[in-house]
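Please read them with the structure open.

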Amino acid sequence: MVEITGWYEHGQQLALASRDDVDRLLDKMAADTANHDVPVMAQADRRDADGWAILQFGLGPAAGFVGYMGQAGSAISDNGKASADEVVYDYMGHQRDVPAAAEVPPEDVRRAVREFVRTGGQRPDGITWRDL
């Protein structure tokens, strides 16, 4: 079994082994976003002898984003809108600028994180991606 580790709060590693684990993290992020000026983000990763993959994801009340990095390359979610604007997300107290064109519905973010964990770190299929 491939181990997926989540990173959200300082010094806290989360084992993401099931849909329930993912939903607990995403529900906490949704609740925390309600108490922040900007949406929050987290990371999940797989690192083992067979390779590595990282999924960064943000979740706000109306939108979020997904970024994937793996041995085959990197990509970010794409909503199809042309925009040079950026949106600020909070990652463990640090500002991260994300292209506004990367924001997708929160349900898409949830689906992508669940799929990343379920498939052992594969790039989720349910997202329109823009290669980086």
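Which elements do the buried residues of H1 pack against?

1. They pack against strand S2 (13-15), S3, S4 and H2. The buried residues in question are Asp21, Val22, Asp23, Leu25, Leu26, Met29, Asp32 and Thr33. H1 itself has 15 residues, and the distance from its first C-alpha to its last is 21 Å, close to the 21 Å expected at 1.5 Å a residue. Please keep in mind throughout that this is a predicted model.

2. Overall layout. The protein has two helices and nine strands. Starting at the N terminus, the order of elements is β-β-α-β-β-β-β-β-β-α-β. The radius of gyration is 14 Å, close to the 14 Å that the globule rule gives for 132 residues, so the protein is as compact as a globular protein of that length. The C-alpha trace spans about 40 × 30 × 25 Å along its principal axes.

3. Burial and contacts overall. Of the 132 residues, 49% are buried. Taking contacts between residues at least 6 apart in sequence, 54% join residues at least 24 apart.

4. The accessible surface comes to about 7,100 Å², and carbon and sulfur atoms account for 46% of it.

5. Helix H2. This helix covers residues 106-118, which is 13 residues, and reaches 18 Å between its first and last C-alpha, close to the 18 Å expected at 1.5 Å a residue. Because 10 of its 13 residues are buried, H2 is largely enclosed by the rest of the structure. The buried set holds Pro106, Asp108, Val109, Arg110, Ala112, Val113, Arg114, Glu115, Phe116 and Val117. These residues pack against helix H1 (19-33), strand S3 (40-48), strand S4 (51-59) and strand S5 (64-70). Just after H2, Gly120 has a positive phi of about 75°.

6. Val40. This residue belongs to strand S3 and is buried, with a relative accessible area of 2%. Which residues does Val40 contact, leaving aside its neighbours within four places in sequence? They are Tyr8, Met29, Thr33, Phe57, Gly58, Leu59, Tyr89 and Asp90. Two of the residues named there, Met29 and Thr33, are also among the buried residues of H1. Asp90 is 50 residues from Val40 along the chain, yet their C-alpha atoms are separated by 4.6 Å.

7. Asp50. This residue sits in the loop between S3 and S4. Is Asp50 buried or exposed? With a relative accessibility of 68%, Asp50 counts as exposed. Asp50 and Ala31 are 19 residues apart in sequence, and their C-alpha atoms are 35 Å apart in space.

8. Met92. The backbone here deserves a look. Most residues other than glycine have a negative phi. Met92 is not a glycine, but its phi is positive, about 55°. Met92 lies in the loop between strand S7 (86-91) and strand S8 (94-99). The cut-off for buried is under 20% relative accessible area, so Met92, at 18%, counts as buried.

Conventions:
Residues numbered from 1 in each chain as written. Predicted model: local features only at pLDDT ≥ 70, side-chain atom pairs only at ≥ 80, totals over all residues. Heavy atoms only, no water. Helix = DSSP H or I, 4+ residues; strand = E, 2+ residues; numbered from the N terminus. Expected span 1.5 Å × (residues − 1). Buried < 20%, exposed > 50% of the residue type's maximum accessible area, 1.4 Å probe, protein only. Contact = heavy atoms within 4.5 Å. Rg over C-alpha atoms; globule rule 2.2 N^0.38 Å. Areas by Shrake-Rupley, 256 points an atom, 1.4 Å probe, with all protein chains shown as cover.
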